[in-house]
Structures are given as structure tokens and as C-alpha cells.
Amino acid sequence: MDEAGASVVNPRHYSALDRVCLNLDLLLRAAARTGAMQNRPTPGADLPDPALDGADRRRSAGFMRVNHAGEVCAQALYVGQAVLARDEDTRAALLAAAEEEGDHLFWCEQRLAELEARPSRLDPLWFLGSAAIGAAAALAGDRLSLGFVEETEEQVVRHLDGHLERLAPDDQRSRAIVSAMRADEARHAEEARQRGAAPVPAPLRRVMAWTARLMTTSAYWI
Ligand SMILES: [Fe+2]
Ligand SMILES: [Fe+2]
């Protein structure tokens with residue numbers, strides 16, 4: 001502490017090996033995320049949960065399985081991007097968003113259990129693929145990496161709007177979770193814009209949309 005009582009900042013210089021270990025730690029924490037790491041209560045937990053009829057329940061389970069897989073991807077993308085971000089502020093912002101994606105992941109997991117449904121069996125594949133894509137985005141530089149966040153989050157907002165249109169009106173708990181996630185994803189896109197996101201080239205936007213379609217279609221069933 002200095003004379004004014006403020007702590008003296010002692011900037012730490014990490015070796016290459018330190019950085020590898022810290023980054024691996026980030027990835028493993030994201031992969032092993034549990035409810036114990038939930039920061040915010042589950043939206044709609046106090047709402048009634050009436051029994052849904054067969055078709056409505058299957059649709060809710062399919063959508064929440066897709067959303068759960070999407071949150072696995074979101075966490076892995078953000079951590080993959082943070083690991084190779086060049087600017088420390090950008091890295092901190094990416095990790096803060098990853099924390100919120102962790103809440104989303106837990107909310108979806110909880111809702112799946114309430115619906116007596118399971119997560120996607122392909123989750124490990126989504127996680128590894130997304131971490132690699134996130135790292136590749138970071139290699140393109142922080143501004144393009146933020147552009148990737150902005151575009152991804154905007155696509156997710158449109159996807160969640162589709163779920164809100166099609167979820168049964170009685171499934172208030174799933175709707176509350178999807179609405180809260182939608183608000184967070186829209187804010188993540190806005191924050192990326194404010195941090196100087198560069199526009200993502202149109203061909204890459206199309207590849208991102210096809211990849212998302214492949215993931216959402218398969219996670220609904222598998
Ligand atoms: Fe999310
Ligand atoms: Fe997000």
C-alpha cells in the first residue's frame with residue numbers, strides 16, 4: 001500500500017508458458033461450467049410450469065436443447081477469442097460476456113431438466129469447434145474479432161425471436177429464459193459495436209449463417 005492507502009499496482013509479466021497455462025485454465029473452466037458458477041438467478045423460476053401436451057413439450061425441449069448447444073458454442077467462442085485477443089480491455093470485455101453466456105448455459109440446462117430432456121450429445125464437438133473458430137477470429141485482429149461477435153449476436157437475436165414466436169404460450173418458463181437471453185445477446189452486439197467492431201465481409205457472414213444452421217438443425221434432434 002502507498003501513503004494514500006491505495007494498493008500499488010505491480011504489473012506482472014507473464015512468460016509464454018504462464019500464458020499457455022492461464023489460457024488452458026480459461027478453456028477448462030468454460031468447458032466444466034456448472035450451476036455453482038451461476039451469477040444471476042434463473043429468469044421465470046417463480047412462474048407456473050403447467051404440463052405441456054406432447055407436441056408442445058417436444059418443441060420446447062428441442063428449442064431449449066438448441067439454445068443450450070448455442071450457449072456451449074457462445075462460451076467457447078468468447079473464451080477462444082479472449083485467449084488470443086491483443087488488447088487487454090477487449091480481452092476483459094470478451095471474458096465478461098463469456099460469464100453471462102455461462103449463466104445462459106445453466107438456465108438452459110435447468111429448463112431442459114424440467115422438461116425431462118437431455119442436452120445435445122454433440123456438445124463436446126460444438127465446444128471444440130467453436131473454441132477453434134473463436135481463436136481463428138482473434139487471429140484476424142481485435143476489430144474483426146469484435147465484428148464477428150456483433151454478427152454472431154445479431155444472428156442469435158433473430159434465432160431467439162423465431163423461438164419466441166413458436167414456443168407454446170403456456171411455456172412461460174422457457175419464454176422468460178429466451179427473452180432474458182435475447183436482451184443480453186442484443187447488448188453483447190451493441191457493446192461490440194461500441195468497442196469498434198469492423199464489418200464482417202458478406203461471404204463470411206453467409207458461412208457463419210450456414211454453420212449456425214447446421215448446428216441448430218442437428219442439436220434439435222441429436
Ligand atoms: Fe447466450
Ligand atoms: Fe451473447
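Modeller: Start with burial: 38% of the 222 residues in the protein chain are buried, that is, have 20 or more other C-beta atoms, placed from the backbone, within 10 Å of their own. This is a predicted model, in which local features need pLDDT of at least 70, side-chain atom pairs count only at pLDDT 80 or more, and totals for chains, interfaces and linings use all residues. Residues are numbered from 1 along each chain as its sequence is written, while chains are lettered from A and ligands numbered from 1 in the order in which they are written.

The pLDDT (the predictor's confidence in each residue, from 0 to 100) averages 84 over the protein chain. Over residues 1-11 it is below 50. Where pLDDT is low, the predicted coordinates should not be read in detail.

The protein chain has seven helices and zero strands; these are DSSP runs, H or I of at least four residues for helices and E of at least two for strands, numbered from the N terminus.

Now the pair. Helix α2 (residues 54-83) packs against helix α4 (residues 123-139) at an angle of about 35°, with the axes 7 Å apart. Axes are lines fitted to C-alpha atoms over the stretch in contact, and angles run from 0 to 180 degrees between N-to-C directions.

Who touches whom? Residues are in contact if their C-beta atoms, placed from the backbone, lie within 7 Å. From α2 come residues including Ala 69, Val 72 and Leu 77. From α4 come Trp 126, Phe 127 and Ile 133, among others.

How values were computed:
Contact = placed C-beta atoms within 7 Å. Buried ≥ 20, exposed ≤ 12 C-beta atoms within 10 Å, placed from the backbone.
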